[in-house]
Amino acid sequence: MKPGCVVIGGGGHATMVLEALRLQGKVRIVGVTDPDRGRKSVAGVPVLGDDGILDQARRLKIRCFSVGVGSVGDNRPRAQLYRRAIESGLKPVQAIHPSAVVSPRATVGPGTMIFPRAVVNPGSELGANVIVNSAAVVEHDVRIADHAHVCPGAVLCGGVHVGEGAFIGAGAVVIQGVRIGAWAVVAAGAVVHKDVPEGGRVAGIPARPMGKKST
Ligand code: JB2
């Protein structure tokens with residue numbers, strides 16, 4: 001029998017995760033956890049309760065999980081939920097949409113999700129609990145550390161490094177070889193041609209620290 005799976009979080013991102021898991025067909029989706037008591041089901045999947053459910057996983061025959069919270073702009077909640085589920089003895093499951101193109105020479109970490117029409121090219125290494133969102137392009141030899149989120153339509157050119165928990169906004173372009181520091185934020189539509197330090201926040205074309213006027 002396929003392992004029982006819970007999706008943590010029941011908003012918009014969870015609907016994407018649920019669809020990828022369903023189409024992948026490797027797990028039996030048991031339910032969703034969400035603190036919002038008004039939410040009874042998500043995309044036809046029952047909301048089981050809040051994250052306290054994770055401690056009852058054995059009784060509910062749940063063996064694995066996927067983080068279904070997108071937490072745009074701050075990946076810390078996603079990282080915390082991932083650790084919480086691991087501490088509850090659950091195994092992270094990948095959610096790779098069948099229309100994504102993932103090179104057999106790329107490596108994809110546990111709990112990582114790759115959404116429709118995304119591309120991950122040879123030599124790239126994706127850590128745990130990473131999101132490569134719809135139609136994002138991860139070129140060759142890119143490294144993306146745990147909990148980072150590459151939003152829809154973003155392009156990471158060859159050899160880019162994305163640090164732990166970094167956030168790359170929709171449609172942003174990171175030029176080849178650039179390093180994005182841990183927990184940094186790249187705004188939607190930015191074109192990044194220089195390294196961004198840990199915790200840095202940049203926007204614009206070319207990207208500059210947020211809050212500073214272009215000259
Ligand atoms: O600690 C939590 C928690 N915090 C918020 N545990 C659990 N299990 N669930 C949590 N949530 C729930 O996540 C909220 O109660 C809410 O139901 C859900 C967040 O839903 P929302 O649609 O606001 O955000 P999202 O993270 O699912 O989606 C955002 O990020 C995606 C990447 C949206 O901006 C999407 O448009 C975007 N594609």
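How many bridges join strand S2 (residues 28-33) to strand S4 (residues 45-49), and do these strands run parallel or antiparallel? Strands S2 and S4 are joined by 2 bridges and run parallel. The legends below start with the whole chain and then turn to details.

This is a predicted model, in which local features need pLDDT of at least 70, side-chain atom pairs count only at pLDDT 80 or more, and totals for chains, interfaces and linings use all residues. Residues are numbered from 1 along each chain as its sequence is written, and side-chain values use heavy atoms, with hydrogens and water left out.

**View 1. The whole protein chain.** The secondary structure comes to 2 helices and 25 strands. Helices (H or I, at least four residues) and strands (E, at least two) are DSSP runs, numbered from the N terminus. The C-alpha trace spans about 60 × 35 × 25 Å along its principal axes. The radius of gyration, taken over C-alpha atoms, is compared with a globule rule of 2.2 Å times the number of residues to the power 0.38. For 215 residues, a compact globule would have a value near 17 Å, so the 17 Å of the protein chain agrees.

**View 2. Surface and interior.** Of the 215 residues in the protein chain, 48% are buried. Buried means under 20% relative accessible area, with a 1.4 Å probe and protein chains only. The accessible surface comes to about 9,900 Å², and 53% of it belongs to carbon and sulfur atoms. These areas come from the Shrake-Rupley method with a 1.4 Å probe; for residues, only the protein chains shown count as cover.

**View 3. The sheet of 6 strands.** This open sheet has the order S3-S4-S2-S1-S5-S6, with mixed pairing. S3 and strand S6 (91-92) stand at the edges; each has a single partner strand, so one side of each is left without a neighbour in the sheet. Two strands pair if DSSP finds at least two bridges between them.

**View 4. Strand S4 and its partners.** Strand S3 (residues 41-42) pairs with S4 in the antiparallel sense, over 2 bridges. There, Val42 has Val45 in S4 as its bridge partner. The hairpin of S3 and S4 has 2 residues between the strands, and Ala43 takes a positive phi near 50 degrees.

**View 5. The sheet of 8 strands.** A further open sheet has the order S7-S10-S13-S16-S19-S22-S24-S25, and its pairing is mixed. Strand S7 (95-96) and strand S25 (208-209) are the edge strands, each pairing on one side only. Within the sheet, strand S16 (residues 149-150) and strand S19 (residues 167-168) run parallel, joined by 2 bridges. His149 has Phe167 in S19 as its bridge partner.

**View 6. Around Ser134.** Ser134 sits in the loop between strand S13 (131-132) and strand S14 (137-138). Ser134 counts as buried because its relative accessibility is 19%. Beyond its neighbours within four places in sequence, Ser134 is in contact with Met16, Phe115, Pro116, Pro152 and Gly153. Contact means heavy atoms within 4.5 Å. Gly153 is 19 residues from Ser134 in sequence and 6.5 Å away in space, C-alpha to C-alpha.

Terms used: Buried means under 20% relative accessible area, exposed over 50%, partly exposed in between (1.4 Å probe, protein chains only).
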